[in-house]
There are 2 protein chains.
Amino acid sequence: MNAFAPAPLAELPTPALLIDRDRLVRNIEEMSALAASAGVRLRPHFKASKCLDVARLQLDHGAIGFTCATAAEVTALLEAGIRDLVWAHQPVGPAKVDFAVRAGVPVAVDSVEVARPLAEAARAAGRRQPYLIEVDTGLGRAGVAPEDALALAAELAALPSLELRGVLTHEGHLMTYLGDRPGMDKAGTLVGEVLAGVAAELRAAGHPCEIVSVGSTPGATTAPFVPGVTEARAGTYVFYDSNQVALGTAGLSRTALTVLTRVVSTPRGGVAIVDAGLKAMSSDASVNGSGFGLVVDRPSLTFAKANEEHGYLTGEGVDALRVGDLLRILPNHGCGVVNMWSRAHVVEGDTAVARWPITGRH
Amino acid sequence: MNAFAPAPLAELPTPALLIDRDRLVRNIEEMSALAASAGVRLRPHFKASKCLDVARLQLDHGAIGFTCATAAEVTALLEAGIRDLVWAHQPVGPAKVDFAVRAGVPVAVDSVEVARPLAEAARAAGRRQPYLIEVDTGLGRAGVAPEDALALAAELAALPSLELRGVLTHEGHLMTYLGDRPGMDKAGTLVGEVLAGVAAELRAAGHPCEIVSVGSTPGATTAPFVPGVTEARAGTYVFYDSNQVALGTAGLSRTALTVLTRVVSTPRGGVAIVDAGLKAMSSDASVNGSGFGLVVDRPSLTFAKANEEHGYLTGEGVDALRVGDLLRILPNHGCGVVNMWSRAHVVEGDTAVARWPITGRH
């Protein structure tokens with residue numbers, strides 16, 4: 001059901017979030033093919049699109065289900081009838097523990113402190129709560145150290161209302177290998193090896209470990225290819241972004257998400273003011289260190305500064321811009337930008353052909 | 001109508017956006033009193049709360065209406081029956097021009113290029129479109145230079161379907177006077193003097209100039225007190241934030257907006273991971289240069305780093321934190337944080353007493 005009448009981009013109110021349909025579909029096809037060639041199941045992270053229309057395309061192309069970061073994302077997918085989910089987050093506090101047990105979705109556990117209230121709530125509800133042990137393979141965020149995973153599994157096995165499904169890791173530290181693709185790929189392979197090693201150790205000690213799950217777009221070409229890894233959870237690949245381009249995980253021609261904006265003021269030489277600011281672009285940082293996005297097809301321009309609803313463009317050629325000019329901005333961080341919007345316009349060429357809701361925001 | 005059952009903070013799912021009701025009301029009362037003592041009308045910026053419940057409190061305390069940044073904010077207020085609005089933004093492009101004319105809300109104009117399509121649309125609709133000339137008094141964003149305002153007014157007067165209501169400026173450059181309150185106050189007074197001077201010049205040339213409108217929280221104690229200024233448009237004051245505290249415009253005891261979060265992992269010494277990340281706090285920068293907010297009542301802790309749904313706390317005392325501990329984070333930039341949320345919980349002490357929707361986001 002699409003009540004949206006196709007319209008030229010010039011007729012859209014600005015700013016507007018745009019999804020290039022052809023590029024999106026191609027990205028989804030390619031990641032599905034990559035996961036298939038690695039022999040792993042693909043469970044994309046929903047946070048990257050927060051869009052059920054995108055999620056359905058991913059399912060159509062072979063994704064087995066989704067990874068979620070928040071209860072709101074889990075809820076959005078469950079309400080859409082999409083039930084094979086992993087909530088890759090420690091549910092802490094009574095409200096989130098209750099939600100996890102009611103939803104029955106596997107969650108991440110990295111400590112006995114996280115596990116105990118969950119086990120108690122599951123026991124009280126007469127259920128077994130599925131979980132995965134989160135392993136820190138280098139990001140330095142949550143997750144048990146690889147060498148401590150077996151001891152944790154042994155402790156958690158004493159809680160009969162919990163049901164171990166496997167292990168997961170998020171290799172977000174690959175984002176730090178800017179300008180070092182060989183280093184990034186080596187680190188990605190190591191992630192897979194470490195996690196598969198933990199899984200083997202757990203199984204050898206008699207623990208079930210069906211799922212061995214890695215997850216990131218920069219690691220998608222390496223970690224899932226390690227023998228023993230069973231699942232990949234990349235997310236950003238649906239749209240990519242300028243940070244992924246800088247990292248070399250995708251070329252500009254793969255980027256599928258832009259913000260449409262207009263020049264609204266050219267108050268003096270050297271600067272043009274556009275109507276896309278922090279609330280359109282997010283303040284999420286560029287891995288290159290500065291700026292709020294790349295001006296599509298205008299590489300000499302710099303999106304140097306932004307206030308809430310204004311952007312400042314500078315650089316060679318800026319004085320040729322006129323009030324009313326339409327520009328498209330490739331964001332630094334697609335996941336952060338999607339989260340600023342309640343809807344996206346789907347474009348084919350210069351025509352908006354559909355409008356898709358964004359859901360599950362805070 | 002409030003279907004929300006009061007609950008202790010410990011029962012809320014985290015992260016959660018909290019508004020301290022007593023502080024909010026006090027902030028609103030104080031700003032209303034300040035505007036009254038300056039002899040100006042108060043037209044708060046709606047962007048700072050995007051919350052109709054807050055807006056109604058502001059109206060109850062004497063605000064004459066609201067300032068908006070976006071069509072979505074204008075729409076939210078109009079649909080709530082709040083009609084005395086200024087859209088402090090250049091409406092550029094056919095969709096926004098049409099919206100402005102249909103809404104009949106005064107808009108900002110700083111060039112003939114902005115004015116002409118607006119005049120044409122108003123003429124076609126058989127209406128006169130009200131507008132204010134935006135003057136740049138130092139921010140260096142949009143706005144005509146003060147010395148060029150009269151010439152612009154003369155050009156625009158040739159467009160009979162436009163109706164000049166006055167002049168407005170946003171003295172956002174006051175945010176740069178960190179650690180220099182005397183400099184900030186001097187600059188704020190200068191803003192008022194420059195704008196009142198432009199208004200006098202326009203009137204002397206026969207142009208109507210009923211509204212002379214300044215707008216910012218850091219300038220609220222200075223610019224509106226300049227003779228000739230008629231209106232103040234501060235916004236951030238409803239909640240304040242750590243940036244306003246750093247600037248000295250409010251003490252910590254005035255800050256009314258926090259994010260409730262829980263420790264979800266203490267994977268190793270020296271760091272605690274909480275469930276408030278960039279999508280709870282925004283990435284908006286601290287005027288002090290780093291960090292994602294202040295940990296309330298724990299000044300030795302630093303919110304050093306954040307990913308999308310995770311925050312990293314470091315600093316003295318961090319190793320005493322335990323999984324499940326509840327913390328409140330005072331954001332860098334309240335306006336940016338409100339924009340990350342679809343609802344806020346209103347708290348009295350440690351009890352959530354209401355839940356208010358946030359509206360008009362992109």
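A polar contact is a pair of N or O atoms within 3.5 Å; within protein, one atom must be able to donate a hydrogen and the other to accept it, and residues adjacent in sequence count only if both atoms are side-chain atoms. The model is predicted, with local features needing pLDDT of at least 70, side-chain atom pairs counting only at pLDDT 80 or more, and totals for chains, interfaces and linings using all residues. Residues are numbered from 1 along each chain as its sequence is written, chains are lettered from A and ligands numbered from 1 in the order in which they are written, and side-chain values use heavy atoms, with hydrogens and water left out.

**Stop 1: chain A and chain B**

Select both chains. Across their interface the rule finds 24 residue pairs in polar contact, both residues being at pLDDT 80 or more. On the side of chain B that touches chain A, α4 (94-103), α5 (112-124), β11 (257-268) and α9 (278-281) of chain B each supply at least two residues. The largest share of that side, 6 residues, comes from β11(B). Helices (H or I, at least four residues) and strands (E, at least two) are DSSP runs, numbered from the N terminus.

Contact, meaning heavy atoms within 4.5 Å, takes in 55 residues from chain B and 55 residues from chain A. The two chains bury about 4,400 Å² between them, 54% of it on carbon and sulfur atoms. Next, select Arg141(B), Lys279(B) and His362(B), which supply 19% of the area that chain B buries against chain A, more than any other three residues. Buried area is the accessible area (1.4 Å probe) that two parts lose on being put together, summed over both.

The count of salt bridges between chain B and chain A is 5; a salt bridge is a side-chain nitrogen of Lys or Arg within 4 Å of a carboxyl oxygen of Asp or Glu. Display Glu308(A) and Lys47(B), which form a salt bridge with their closest N and O atoms 2.8 Å apart.

**Stop 2: Ser283(A)**

Move to the loop between α9 (278-281) and β13 (294-295) of chain A, where Ser283(A) is found. Ser283(A) counts as buried because its relative accessibility is 15%, buried being under 20% relative accessible area, exposed over 50%, and partly exposed in between (1.4 Å probe, protein chains only). Its side chain is joined to that of Asp284(B) by a polar contact of 2.3 Å. Leaving aside neighbours within four places in sequence, Ser283(A) is in contact with Leu278(A), Phe292(A), Ser283(B) and Asp284(B).

**Stop 3: the domains of chain A**

Colour domain 1 (22-238) and domain 2 (252-357) of chain A separately; these bounds come from an automatic or database domain assignment. The domain centres, taken over C-alpha atoms, are separated by 33 Å. In contact are 18 residues of domain 1 of chain A and 12 residues of domain 2 of chain A. Between them these domains bury about 1,300 Å², 56% of it on carbon and sulfur atoms.

The rule finds 1 salt bridge across this interface of domain 1 and domain 2 of chain A. Select also Arg254(A) and Glu30(A), which form a salt bridge whose closest N and O atoms are 3.2 Å apart. On the side of domain 1 of chain A that touches domain 2 of chain A, α1 (21-38) and α2 (52-60) of chain A each supply at least two residues, and α1(A) gives the most, with 5 residues.

**Stop 4: helix α6 of chain A**

Finally, select residues 149-156 of chain A, where Ala149(A), Leu152(A), Ala153(A) and Leu156(A) are buried. These four lie on the same side of α6(A), because they cover an arc of only 100 degrees around the axis; the arc is that of the directions from the helix axis to the C-beta atoms. What covers the buried residues of α6(A) includes β6 (107-109), α5 (112-124), β7 (129-134) and α7 (181-204) of chain A.
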